[in-house]
Amino acid sequence: MTFFTVITRGLLRRPVRTGLTLGGIAIGIAAVVALVGISKGFEKSWGAGAKERGIDMVVSTLGSALTPKPFSMAVRDRIASMPEVAATCSVFVDLTSVENASMMMVSAREWGGFSWNNLKLLSGRMPKDAMEPAVVLGQTAAEALKKKIGDPLQLESKELTVVGIVDGGALVENGSVVLSLPLFQQITGNEGKINILDVRAAGELNERQMKQLCEKINHNIPEAKAVIASEHISNSEASRFIRAMSWGTSLLAVLVGVFGVMNTMLMTVFERRQEMCILLAIGWKRGRITRMILCESALLGLMGGSVGALIGVLGAKFLETLPSVHGLLEPDLSARLILISVAISVVVGVISGLYPAWRSSRLSPSLALQG
């Protein structure tokens, strides 16, 4: 009989209890994978959308909300006049309900601005002018809203016509309702207001030069903040709050698994006390008994983490298909996240087994003589 055999036999002795403990760990790890994967995916999709539009910097008032607060369009002219800026495009982005979709990205873009250029027309056409009551839908948004060319679309109190279906090259673009900025401003009563300014730098600037330009804009334009496009969402208060909530909720679920493993291992030590005393009597070192308990709890963590990671991946994929979030979320279920989650589970198992292992090391070989 090998050391590994002794470990696995100890876990299989009470299969129902072991299974319930594995379930507790799996739920915690599934929460880590699903919630953290979704929050990372949200940031990644925004970054991909900015890259597709060819943006170097984003000027906005993004704080604790998911969308920035409106500010005056006059900011655009002040930034566009800087010699380091090649082009700007005013945008008004909103997350709102659109017909049967409880949350949909609406992207109103400056008519003639470069943010229209990345939209590849799949069918239909683009709006004829800035005030035509028309929208184009990203292909994912069209699927979620069940719209085709020529269908009406109710936005706020205005009925618009779907004139085109486009491929924006990124999830956040494909999940958007796109229309001209002047039309959206009129519909929502935000004339002269935008909440995002896309900026392209003049020439090829390195990261240090880009940050210097951001600092210059922030100094000259105190009412908004410029950041490098790839950092727009990841450095926002809303994103940090979402990340904190994701990890916090996940770790609370993992904590439940800690007590489950600890209870299982304590019961194991109690039920197998005579067996351990016999092992001590025939020459096993106390350290080996301790290692046996720690290995059993680590194996519990490994199996629970593996099952939990699988459940988390499936759960995140399922959430992605829900109509309320379809086209807004694409979980970032990287191998690194899976490995970190399983590693957390193994560490949880080891930590949970420390006290039961210490209890097992205090047993006396003389107890083996008792029935």
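Reader: Is E132 buried or exposed?
Author: This is a predicted model, where local features need pLDDT of at least 70, side-chain atom pairs count only at pLDDT 80 or more, and totals for chains, interfaces and linings use all residues. Residues are numbered from 1 along each chain as its sequence is written, and side-chain values use heavy atoms, leaving out hydrogens and water. E132 has a relative accessible area of 15%; buried means under 20%, with a 1.4 Å probe and protein chains only, so E132 counts as buried.

Reader: Which backbone nitrogen lies 2.5 Å from a polar atom of the E132 side chain?
Author: E132 sits in the loop between β5 (120–124) and β6 (134–138), strands being DSSP runs of E with at least two residues, numbered from the N terminus. Beyond its neighbours within four places in sequence, E132 is in contact (heavy atoms within 4.5 Å) with R125, P127, V163 and L183. The backbone nitrogen at 2.5 Å belongs to K128.

Reader: Which element gives the largest share of the lining of the largest cavity?
Author: A cavity is a set of points on a 1 Å grid over the protein atoms alone where a 1.4 Å probe fits but cannot get out, and lining residues have an atom within 4 Å of a point. The largest cavity has 13 lining residues, with R53, V93, S107, R109 and E173 nearest its centre. Three lining residues, the largest share, come from β4.

Conventions. Helices (H or I, at least four residues) and strands (E, at least two) are DSSP runs, numbered from the N terminus. Buried means under 20% relative accessible area, exposed over 50%, partly exposed in between (1.4 Å probe, protein chains only). A polar contact is a pair of N or O atoms within 3.5 Å; within protein, one must be able to donate a hydrogen and the other to accept it, and residues adjacent in sequence count only if both atoms are side-chain atoms. On a 1 Å grid over the protein atoms alone, a cavity is a set of points where a 1.4 Å probe fits but cannot get out, and a pocket is an open set with protein on both sides within 12 Å along at least five of seven lines; lining residues have an atom within 4 Å of a point.
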